[in-house]
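Visitor: I am new to this structure and would like to learn how to read its aromatic pairs and one of its helices. Could you take me through them slowly?

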Amino acid sequence: MQDVRKISTADLTKMSMCVALCCVTAYISFPLPFTPGMVTALTIALSLAAYILNPRQTFIVILVYILLGAAGLPVFAAGSSGLSRLIGPTGGFYFAWLVAYPLLSFFRGAGINFKRYVVTNILIAMPITYLGGIISIMIFMQVDLWQALAMAVLPYIPGDVMKAAAAAFLGVRLNSALR
């Protein structure tokens, strides 16, 4: 017997919309002068995907997004693309998302709850994402842990907390409308 997990047309539609939203929000970005990373609205779209999809679907959405960029479509931050974005100082962020946001989807809970969405994002998705960024920056830029923290974590915390709240607000609204 074959174990085939079917995805409904409604779920495929939601997943497609999430991939498209990731591609669009990556263009809403700006560089910081002291780090190779960029501030981007993409993390709002990733969080939103985690709030409205199950963990497996969230993983697929992020994987498709990364594969689109790796194939050369200009869907990464500020319209960039290519393997160099994945195998470079910021590549750790992309790979960390494959773990962070499915876990966010898993731990968000079954109910629709703004506070739980924000807290799980701050306690799960953000630290895992930062860890991926720290590792890749340390490897590719040959810096120590404190320098990597200054480039991959500290400048992003205030904005990421605000983006977590914005995504939670949108997630609550969307989930209420979808149910």
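This is a predicted model: local features need pLDDT of at least 70, side-chain atom pairs count only at pLDDT 80 or more; totals for chains, interfaces and linings use all residues.

Visitor: How many aromatic pairs does a search of the whole structure find?

Guide: The search finds five aromatic pairs. In one of them, Tyr51 and Tyr117 are stacked, with 4.3 Å centre to centre and 5 degrees between the planes. This pair links distant parts of the chain, since Tyr51 belongs to helix 2 and Tyr117 to helix 6, 66 residues apart.

Visitor: Are Tyr51 and Tyr117 buried or exposed?

Guide: Both Tyr51 and Tyr117 are buried. Another pair, Phe76 and Tyr94, is tilted, with 4.6 Å centre to centre and 50 degrees between the planes.

Visitor: Which parts does the pair of Phe76 and Tyr94 tie together?

Guide: Phe76 lies in the loop between helix 3 and helix 4, while Tyr94 lies in helix 5, so the pair ties together parts that are 18 residues apart in sequence. Phe76 is buried, with a relative accessible area of 0%, and Tyr94 is buried as well, at 4%. Together with Tyr65 and Trp97, these two residues form one aromatic cluster.

Visitor: How should I read the span of helix 8?

Guide: At 1.5 Å a residue, the 22 residues of helix 8 (residues 157–178) should span 32 Å, and the end C-alpha atoms are 30 Å apart, which agrees.

Visitor: What do the buried residues of helix 8 pack against?

Guide: They pack against strand 2, helix 2 and helix 6, and among these buried residues are Ala164, Ala168, Gly171 and Val172.

Definitions and conventions
Residues are numbered from 1 along each chain as its sequence is written. Side-chain values use heavy atoms; hydrogens and water are left out. Rings of Phe, Tyr and Trp (its six-membered ring) pair if their centres lie within 6.5 Å; planes under 30 degrees apart count as stacked, over 60 as edge-to-face and the rest as tilted. Helices (H or I, at least four residues) and strands (E, at least two) are DSSP runs, numbered from the N terminus. Buried means under 20% relative accessible area, exposed over 50%, partly exposed in between (1.4 Å probe, protein chains only). The expected span of a helix is 1.5 Å times one less than its number of residues. Contact means heavy atoms within 4.5 Å.
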